[in-house]
Amino acid sequence: MESIEISRIRHRQADWWSLRFPYNIKLIESIKAIDGSKWSATHRTWLLPFTQYSRAQLEELLHNYRLVHKDSPALKPGAATLDAPTSTQLQAVQAFKRWMNSRRYSHNTVKTYSEALEVYLRYFKDLTPQELHVGHLHDFNNDFILKHGYSHSYQNQVINAVKLYYGKVLGKKLDAEALERPRRARRLPHVLSEADVKALLQRTTNLKHLSMLKITYGCGLRCGEVLALRWTDIDWARSVLWVRCGKGNKDRMVPLPASLQEVLKQYKAAYETEVFIFEGQTKGSPYDVRSFQLVFKQACQRAGVNPKATLHWLRHSYATHLLEQGTDLRYIQVLLGHSSSKTTELYTWVTKPAFERLKSPLDNLGL
C-alpha cells in the first residue's frame with residue numbers, strides 16, 4: 001500500500017485538508033473530481049475544503065486506492081472537532097514560526113511543531129497561551145491524544161513543540177519532564193539486496209535519473225540532500241562529496257566512488273545546470289521531490305524490486321552493505337551523519353553475516 005499524508009492547514013483565512021502523496025495520476029484525477037479541490041503552489045499540496053463532505057470523500061479515496069494515511073489527527077475516527085484558531089492563537093503560532101526560522105530549523109520541523117502547537121492551543125479555546133501550564137499539557141495528553149489513539153510520535157511532537165514554545169518564545173519554564181513519554185518503538189531499517197540495487201540501476205537508461213539514483217545509493221544520501229547538491233560540493237581532486245546542511249543543519253563529507261564520478265562527468269557534459277546539479281523544469285530550481293520518488297518507483301517496477309520500497313531504502317542499503325563488507329560502525333555513523341551511534345547500530349540487525357553466524361536449535365535435532 002502507498003501512503004498519503006493528510007493534515008489540516010490554514011490557507012487564505014480558511015481551513016483545508018492538505019493531501020501529500022507520491023505521484024499517482026489516477027489518484028490526482030479522482031481528487032480533481034471532488035468539488036472545491038485545488039492544487040496549492042504555495043504549500044505544494046492538494047487542497048480540499050475542510051468539510052464533512054470532503055472528509056467522507058477522503059475516506060472513500062483511502063478505501064478505493066488502499067491508501068495508508070500517516071498520522072493525521074484531524075482524520076482519525078472519533079477525532080475531536082476543534083474550533084477555528086483565535087487571532088491570539090494565530091499570533092502565538094506565527095511568533096513560534098518566526099523564532100524557529102530565525103534559528104534555522106528545518107522546513108519540516110517548523111511545519112510539524114507549529115501545527116502541533118496550534119492544535120494544543122485550539123484545544124483550550126477559552127484560555128490564552130500565557131494562562132496554560134503543565135497541568136493543561138497533562139489534560140491534553142490524556143483527554144485528546146490518548147483518548148483518540150494518536151501515535152507515540154505525535155505525542156512526542158506535541159510535547160517537544162509546547163516545551164520549545166514556552167521555554168524559548170515566552171521565556172516561561174514548562175516542567176514537562178514529569179509527563180510520561182511513550183516508549184519509542186524500535187523499527188528496523190528496510191534494505192534491498194545488492195542484486196536488487198544492481199538490477200534497479202541496470203534498468204534505468206535515462207542518464208539524469210541514473211545519476212540521481214547512483215549518488216543516492218553510492219553516497220548514502222537522503223532524498224533532500226541529493227536535490228540540494230551543487231557542482232561546487234564535489235571535490236574532484238580528493239574524490240569526496242560535501243553534504244551541506246544535512247539533517248540537523250550538519251555538514252559532512254563522504255567518499256565519491258570512481259564509478260560514480262564517471263557517470264557524473266557524462267551527466268555534466270549532457271546537462272547544463274546553473275545552480276543545482278539536478279534541476280527541475282525551471283532553470284535554477286531543484287528537482288521536485290515527488291518526481292524523484294516517481295523515478296525510483298518506476299525503476300523498481302522495471303527491475304521487479306519490492307513495490308513497497310521507498311527511495312530511503314537506498315540509504316539503508318548503502319549502510320547495510322558497507323557493514324557487510326566489514327566497514328567499522330563508527331565510520332558508517334559519520335558517513336550517514338547520525339548524531340547517535342544507537343541509530344547506526346540498528347543496521348547490525350539486518351546484515352547477512354549476523355544471521356549466517358546464528359544456528360537455530362532446530363538444526364541440532366537432526367529431523
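Predicted model: local features only at pLDDT ≥ 70, side-chain atom pairs only at ≥ 80, totals over all residues.

Colleague: On to helix packing. At what angle do the axes of α4 and α6 cross?

Modeller: At roughly 85°, and the axes come within 8 Å. For reference, α6 spans residues 152-169, while α4 covers residues 107-123. Angles of 65 to 115 degrees count as roughly perpendicular, and α4 and α6 are therefore roughly perpendicular to each other.

Colleague: Which residues make that contact?

Modeller: From α4 there are Thr112, Tyr113, Ala116, Leu117, Val119, Tyr120 and Leu121. On the α6 side the list includes Tyr154, Gln157, Val158, Asn160 and Tyr166.

Colleague: How does the contact of α4 with α6 split by class?

Modeller: It has 13 nonpolar and three polar residues, with no charged ones.

Colleague: Now the other end of the chain. What is the arrangement of α12 and α13?

Modeller: Helix α12 runs over residues 312-324 and helix α13 over residues 329-336. Their axes come within 10 Å and cross at roughly 160°. Angles over 145 count as roughly antiparallel, so that is how α12 and α13 lie to each other.

Colleague: Is the crossing of α12 and α13 left-handed or right-handed?

Modeller: The crossing of α12 and α13 is right-handed. Arg315, Tyr318, Ala319, Leu322 and Leu323 of α12 make the contact with Leu329, Ile332, Leu335 and Leu336 of α13. By class, the contact of α12 with α13 has eight nonpolar residues, no polar ones and one charged.

Colleague: Let's switch to the rings. How many aromatic pairs does the structure hold?

Modeller: There are 14 aromatic pairs. One of them is Tyr120 with Phe124: the ring centres are 5.4 Å apart and the planes are at 70°, so the pair is edge-to-face.

Colleague: Are Tyr120 and Phe124 buried or exposed?

Modeller: Tyr120 is buried, and Phe124 is buried as well. For Tyr120 the relative accessible area is 0%.

Colleague: What about the pair of Tyr123 and Phe144?

Modeller: Tyr123 and Phe144 are edge-to-face too, at 5.5 Å centre to centre with 65° between the planes. This pair links distant parts of the chain, with Tyr123 in α4 and Phe144 in helix α5 (residues 134-146), 21 residues apart. Tyr123 is partly exposed, with a relative accessible area of 26%, whereas Phe144 is buried at 2%.

Colleague: Which residues form the aromatic cluster?

Modeller: Tyr120, Tyr123, Phe124, Phe140 and Phe144 form one aromatic cluster.

Colleague: Back to Tyr120, then. Which residues does Tyr120 touch, leaving out those up to four places away in sequence?

Modeller: Tyr120, which is in helix α4, touches Leu132, His133, His136, Leu137, Phe140, Val162 and Tyr166.

Colleague: Last topic: backbone angles. What stands out about the phi of Arg104?

Modeller: Most residues other than glycine have a negative phi. Arg104 is not a glycine, yet has a positive phi of about 60°. Arg104 sits in the loop between α3 (87-102) and α4 and is exposed, with a relative accessible area of 63%.

Colleague: And where is Ser239?

Modeller: Ser239 is in the loop between β6 (234-235) and β7 (240-243). Ser239 has a positive phi of about 55° although it is not a glycine, and counts as partly exposed at 27% relative accessibility.

Colleague: Great, thanks for the tour!

Note on methods. Residues numbered from 1 in each chain as written. Heavy atoms only, no water. Axes fitted to C-alpha atoms, helices over the stretch in contact; angles between N-to-C directions. Helix = DSSP H or I, 4+ residues; strand = E, 2+ residues; numbered from the N terminus. Parallel < 35°, antiparallel > 145°, perpendicular 65-115°, else oblique. Left-handed = near helix turned anticlockwise from the far one by under 90°. Contact = heavy atoms within 4.5 Å. Nonpolar A, V, L, I, M, F, W, Y, C, P; charged D, E, K, R; others polar. Phe/Tyr/Trp six-rings, centres within 6.5 Å; stacked < 30°, edge-to-face > 60°. Buried < 20%, exposed > 50% of the residue type's maximum accessible area, 1.4 Å probe, protein only.
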